[in-house]
Amino acid sequence: MRRTNWLAALLIAPLLLLILGSFLVPVGLTLFRAVQDREVAQALPETSAILAAWDGQGLPPEAAFAAVARELGAALEARRIGDVAQRMNFARTGMRSTLLRTARAAERLRAPYAASLVALDARWGQAETWLLLRSAGGPVTSLYLLRAMDFTQTPDGGVVQAPTDERLYRTLFLRTFGISLLVTAICVLLAYPVAYTIARLRAPWSSIALTLVLIPFWSSVLVRTTAWFVLLQREGPVNGALLGMGLLEAPAQVIGTRIAVVLALVHVLLPFAILPMHSVMTRLDATYLRAAASLGANGMQRFLRVWLPLSLPGVLAGGAMVFLLAVGMYTAPALVGGDRDQMVAWFIANFLNRDVNWGMAAALSAYLLAMTGAIVALARILTGGMVGARG
Amino acid sequence: MREHPLARILLRGATALVLLFLLAPMVAVVVLSFSPTELMVLPPGGFSLRWYEDFLTAGRWVLATRNSFVVAIATTLLATLLGTMAAIGLQLGRFRGKAVLVTLLTLPMVTPYIVTAAAMFFAYAIIGLTGSLLGLVLAHTVVAVPFVVVAVLATLQTFDANLLRAAASLGAPPMLALLRVMVPNIWPGIAAGAVFAFATSLDEFVITLFMAGPGQFTLPRQMYASVRESLTPTILAAATLLFLCSLLFLLASEVLRLRAARKLRA
Amino acid sequence: MSEILVSFRDVTKSYDGRVPVVAALNLDVHRGEFLTLLGPSGSGKTTTLMMLAGFEDPSSGSIALEGTRIDTVPPHRRGIGVVFQNYALFPHMTVAQNLAFPLSIRRLPKAEIAARIARALEMVRLPAFGDRKPSQLSGGQQQRVALARALIFEPKLVLLDEPLGALDKQLREELQAEIRHIHARLGVTMVYVTHDQAEALTLSDRIAIFHEGRIQQIDTPEAVYERPANPFVAGFIGESNRLTVQVVDTTRLRLEDGSLLATLPHALPPGTAALVSIRPERVVIGAQGPGNAVVEEVVYLGDHCRLRLAHAGRADFIAKLPRQDAMAVPTPGTRITIGIPADAVTVFPAG
């Protein structure tokens, strides 16, 4: 059967290569980027080398001052200064201006550099500045992973809470978790009776009802979120109808609120809860209920002691699927939510596109990935491998 | 076993309400897309095709549609080919760690799109594939291909492995046996996977947002940009057309499902 | 019947590298013969067939076809026809397309293919069924098409893996007759796997009896039935009463209850323990009255009655009473006299 295995390997190889090259390795690189620290070492190699040998007491030797002045000037020439400034400013706000000012003044600075640098910017006279530069020497840092949990590192390496005005990520993860949990709960509660009713309907009606669930399942998330955006506007149909019925006195601002986010997420994810439950329930044999009845169980007992435990795998699968999709959701909150309703995905997107802070984007991705991995693992354990098969 | 009549009425009422909740927004979008004015109110107070006309004549919408379909078609071809081959290989092979391999190949399905997007953004930036349609097709293929693998693997469960042995005993080399005996018997699964891949690519938004170049708008990306800019019923015309596509996908997948079921019974 | 077509030499097959499914198998298949591999499930008979077809690789040893080693040749180049238990007709092709498949692969001209299909359908008595899909045929018809498909490219050797296992008894007997006719007419070598001993006895020139990966006996149907090589064969083919005895001398044995049993001369040393096998239909039922057996149970089976007797210290001694006997069927509880002819007793050394 060696021949067959060769053929099998040949058939699997192209896809495996694509997934490896385009997914597994990139995801691995992303996780690595969350701890990678190379901007300073690349742009200021000599400074990094001198600082690495420095004992960290008081101020570094004159050679370090001379090296930093020369290398910052060179980094400006080589257009590398932006990366360094960004990296250092993330470690300590205000470092950007210090570094840029020094880089621009590098040509005019004269020995002794220890004096002329401090004269240019008082920060060069503080030991903390040098300790920060030293700790940014790479090759790895826990800065991003710590910051993504609202911790920061002191120049001497201790871990402390981030400054109050920079703390937001624990709240962000809690919010993401909370919204996802709420959406999952609503979806499961709404989906169960629907799945039950459809599973128990007679021939043409069950297919018709199932089709009505499949229509939103097959249509695009963006189309459905856009629909809610239109419906919920101040001048939109929902406000119009409520005003017309006299239920509202003035149009309500729903777009940009948590309610809109939850509404859109429930709408987008509800089919993912209904379908697994329905598929489990249609496979449940009605003879179980008949058997329970013949053994004397009344309607409520039949439901609670036979139907519910048997349909639980579908509930778990559906719930896990909804939660999994919710925690990583970008589109719906981005479109109908306000700044305070955004979830982890939105912050990752911003760090990638707007702030170009790839370290933070990678760190948040790593945590999000860990979260979803935990959900999948938990659901697989609970349902015996049903989750993740389709979605 | 019947429920209590009152319970039945409550259950059916709740189901009807939930189905209404699921469908009403789509119906509203379709109705509003025929609105004669810019106002989006119900009832629209008239019927007009002006927003469809706008959609079909506005350069950026036409370009976005073209991009979307080019990428979706290329993605479908690539994902279907690679996914089907891999699924067949997984079914044929007798080696350890097959379950791990299936998990690896279908991992993009359970990974948040934003993480996949970030990862590909970093990686494609290194090799300079960001901002190219080729990069976009590869990225879409990665997230679409698990559906093909899963669909084909599912169909293969019902394929009788003795048919391949029979073909070999009759003189057919392995590749010929796969093409002439296996593929004709599992095509509903392959086609279902292809439909899923096409729909996934056409709907995909998050990865496109990062991978596509500045000028490379797809329909979802153009919709998102337009909603943020200024909301006009043209967006609703686009949404209605995309919705129509998804109805076609649903129809196709149901037809294929019935065909597969019939094949199984035969 | 002496020219050897296939020979297995020291063939061993193991899936886990420890427990052999087939152990040190040596087997010759003669040209033109109908050989049946018979045995309980898990005895290695199907694995042997699959190795010959090329669907399994031997772990060690060699298999030769017409003197050429074939165990490294892929199945599609062996030119051996195979008929499967579940027919394995290609469901997406018509009957004619199924039959054309091996011929089109061999690039035969169209006219030749059409002629051969017509002849093959004639042979299996389905001349009008060429345009049907397999799903439109009954199980028996499907198996006839499968047989025609395995024969149409004129292989030297055809393997049949429990081909009639899925059919009901009547259809099975009808197809057995058909397979026998085809074998006689075409003279093609057939190797047939079954766990049904009646089928094996009906069809075969020779039967190889498999047990625990080894051939226990290979001989003509008559020989394996009348002269089983060991207690397993005696127990597996047909029904038999098995008793432990003490050897008294070359023609006498002592039963557990002390009574004596006469046999044809044998070579076991006196005083040793032995095992005897007695076919129920060879037991002679004598007159009622004081005797050496008590009727415990009577089962009416149409053409014969099956009696369970208490005899020689056992309560499960079986005898068959043919219906043409004028004697009335004894009722349970009656005492009767039974006789066992010396040539009906097969003696094996104990253990």
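Predicted model: local features only at pLDDT ≥ 70, side-chain atom pairs only at ≥ 80, totals over all residues.
Residues are numbered from 1 along each chain as its sequence is written, with chains lettered from A and ligands numbered from 1 in the order in which they are written.

Back to chain A. A:Ala203 belongs to helix α11, residues 203-218 (helices are DSSP runs of H or I with at least four residues, strands are runs of E with at least two, and both are numbered from the N terminus). From its C-alpha atom to that of A:Arg79, 124 residues away along the chain, the separation is 70 Å. Chain A splits into domain 1 (38-126) and domain 2 (169-383), with bounds that come from an automatic or database domain assignment. The centres of these two domains, taken over C-alpha atoms, are 51 Å apart.

Turning to chain B, the UniProt annotation "domain: ABC transmembrane type-1", from an unreviewed entry, covers residues 65-253; such positions are given in the numbering used here, feature names are shortened, and annotations may be inferred rather than shown by experiment. That stretch of chain B is 83% helix and 0% strand, and its end C-alpha atoms lie 23 Å apart.

Chain C has eight helices and 19 strands, and its C-alpha trace spans about 80 × 45 × 35 Å along the principal axes. Of its 351 residues, 38% count as buried. Among chain C contacts (C-beta atoms, placed from the backbone, within 7 Å) between residues at least 6 apart in sequence, 64% join residues at least 24 apart.

Strands β16 (304-311) and β17 (314-322) of chain C pair in the antiparallel sense over seven bridges, where pairing takes at least two DSSP bridges. C:Leu309 has C:Phe317 of β17(C) as its bridge partner. Two residues lie between the strands, and C:Ala312 takes a positive phi near 50° in this hairpin.

As for the interface, 20 residues of chain C are in contact with 15 residues of chain B. On the chain C side, β6 (80-83) and α2 (95-105) are the elements that give two or more residues.

Methods
Buried ≥ 20, exposed ≤ 12 C-beta atoms within 10 Å, placed from the backbone. Contact = placed C-beta atoms within 7 Å.
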